[in-house]
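Look at the sequence and the model first, then read on.

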Amino acid sequence: MKAFKNVRAYIDGKVRTADIAFDGKIAGIDSGTDGAEAVRLPDGAIVTAGFIDTHVHGAGGADAMDGTTAALDVISKTLAREGTTAFLATTMTAPREQILSALRAVAEYGDEGNGAQVLGVHLEGPFISEKYKGAQRADCIRKPSAELLAEFNRAAGGRIKTVTFAPEQDGADGLIKYCVDNGIVASIGHTAATGDQARRAADAGARGVTHTFNAQSPFSHRDVGAAGVALGDDRLVCELIADCIHVSAEAMRVLARCKPTGKIVLITDAIRAKGLADGESELGGQAVFVKDGQARLKDGTLAGSVLKMNVAVRNMAEKVGMTFEQAVDCATINPARKLGLQDERGSIAVGKRADFAVLDKDYNVLATFVNGKQVYRNY
């Protein structure tokens, strides 16, 4: 048994001084620490639940689409450096066999890695709109298909947790039904949907919006589009790339005003270039150029990000005006609830996994613990 003793921690909605005993799970709060090995933390450190990134393609020079367990291990260890303790390996619109290879790698890799835990897969594409494909390959786009999704899910060992799709496309209703029947979050994204089409998708069971405002039909006063439905329909949980590049700080504030705090989930949408120096990288077989924190294709199209989750949390506090607690929720309990995992992770409570991010006052990551094991230290 280990224990944080007399630390500042975010527990039950507030930051307070506490003792926390843990092994693989949290065994006690303010009790049960007698005889436990004390884990020393720097003065001023704040312990929170570990961050959960439900939309990340790669990091550290590796990408989920590489289709190897070695690539997933690099991503796992790199994400731990930013306080992330769990993530969804995110695919791209690509040839069918390449997607299947990536999914099989996730199934083979399993639950626990050497850093952040792989919770499963976010299937981003191929069921998207060509008009709003973003940095995805147009030649590999397919109409939504419950049958193809089922094949993908079998390859992943049943571990697909989120599917991004364009609801205006033929076959979308069947795909949503498959998602609902199999506990998968159907997420509206890369879409040209009208407001009515997006709303009907929510009526059918869609519950997510992929990187809100990006690669989707925008709000207007006559047709609110996918973005407007995202803002106004509280059944939908909105992903947000809070880097002040994909979405301006002002637009982030609009989202925070429109949505209940619990319906915003921070994501990084990061690519293999995250954690590396500026220069040329790759995404989906396309050259990507990274400079000054921005990743773009040759034509200037944004191509994922190099955002770190702790920076996204800081931006929600400093640029949007959320409290520390609200900002942390967007990276912890909110994604846990979205995936139906709130009983086992997403907050510090007895019986939950001992997944922790340890931050300083400037949101820098001092340490990360996964399943009670310290997987990153920077102090």
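What covers the buried residues of helix H4 includes helix H3 (146–155), strand S11 (160–165), strand S12 (185–188) and helix H5 (195–204). The model is predicted: local features need pLDDT of at least 70, side-chain atom pairs count only at pLDDT 80 or more, and totals for chains, interfaces and linings use all residues. Residues are numbered from 1 along each chain as its sequence is written, and side-chain values use heavy atoms, with hydrogens and water left out.

Some terms come first. Helices (H or I, at least four residues) and strands (E, at least two) are DSSP runs, numbered from the N terminus. Buried means under 20% relative accessible area, exposed means over 50%, and partly exposed lies in between (1.4 Å probe, protein chains only). Contact means heavy atoms within 4.5 Å.

H4 spans residues 172–181. Its buried residues are Ala172, Leu175, Ile176, Tyr178 and Cys179. They cover an arc of only 160 degrees around the axis, which puts them on the same side of H4. The arc is that of the directions from the helix axis to the C-beta atoms. On the other side of H4, Asp173 and Lys177 are exposed. Gly183 follows H4 and has a positive phi, near 70 degrees.

Which residues of helix H7 are buried? They are Ala249, Met252 and Leu255, in a helix that runs over residues 249–258. Seen down the axis of H7, they fall within an arc of 115 degrees, so they line one face of the helix. An α-helix has 3.6 residues a turn, so residues three or four places apart point the same way. Glu250 and Arg257 are exposed on the other side of H7. The buried residues of H7 pack against helix H6 (225–232), strand S14 (237–241), strand S15 (264–267) and helix H8 (309–320).

**Backbone exceptions**

Most residues other than glycine have a negative phi, and most peptide bonds are trans.

| Site | Backbone value | Location |
|---|---|---|
| His190 | phi about 45 degrees | loop between S12 and H5 |
| Gly125 to Pro126 | cis, omega near 15 degrees | Pro126 in the loop between strand S10 (117–124) and H3 |

His190 is buried, with a relative accessible area of 4%. His211 is buried too, at 3%.

**Buried residues in loops and a strand**

Thr33 lies in the loop between strand S3 (26–29) and strand S4 (37–38). Buried or exposed? Thr33 is buried, with a relative accessible area of 8%. Leaving out residues up to four places away in sequence, Thr33 touches Ala3, Lys5, Asp19, Ile20 and Ala21. Thr33 and Lys5 are 28 residues apart along the chain, yet their C-alpha atoms are separated by 7.9 Å.

Arg353 is another loop residue, placed between helix H10 (333–338) and strand S19 (356–359). Arg353 counts as buried at 12% relative accessibility. Beyond four places in sequence, its contacts include Glu112, Gln117, Glu344 and Arg345. Gly24, Lys25 and Ile26 are also among them.

Leu88 belongs to strand S9 (residues 84–90). Its relative accessibility is 0%, and Leu88 counts as buried. Beyond four places in sequence, Leu88 is in contact with residues including Asp53, Val56, Leu119, Val121, Lys161 and Leu339. Leu88 and Val106 are 18 residues apart in sequence and 9.6 Å apart in space, C-alpha to C-alpha.

**The whole chain**

The secondary structure comes to 10 helices and 21 strands. With 379 residues, a compact globule would have a radius of gyration near 21 Å; the chain has 20 Å, which agrees. That radius is taken over C-alpha atoms, and the globule rule is 2.2 Å times the number of residues to the power 0.38. Along its principal axes the C-alpha trace spans about 60 × 45 × 40 Å.

Of the 379 residues, 58% count as buried. Among contacts between residues at least 6 apart in sequence, 68% join residues at least 24 apart.
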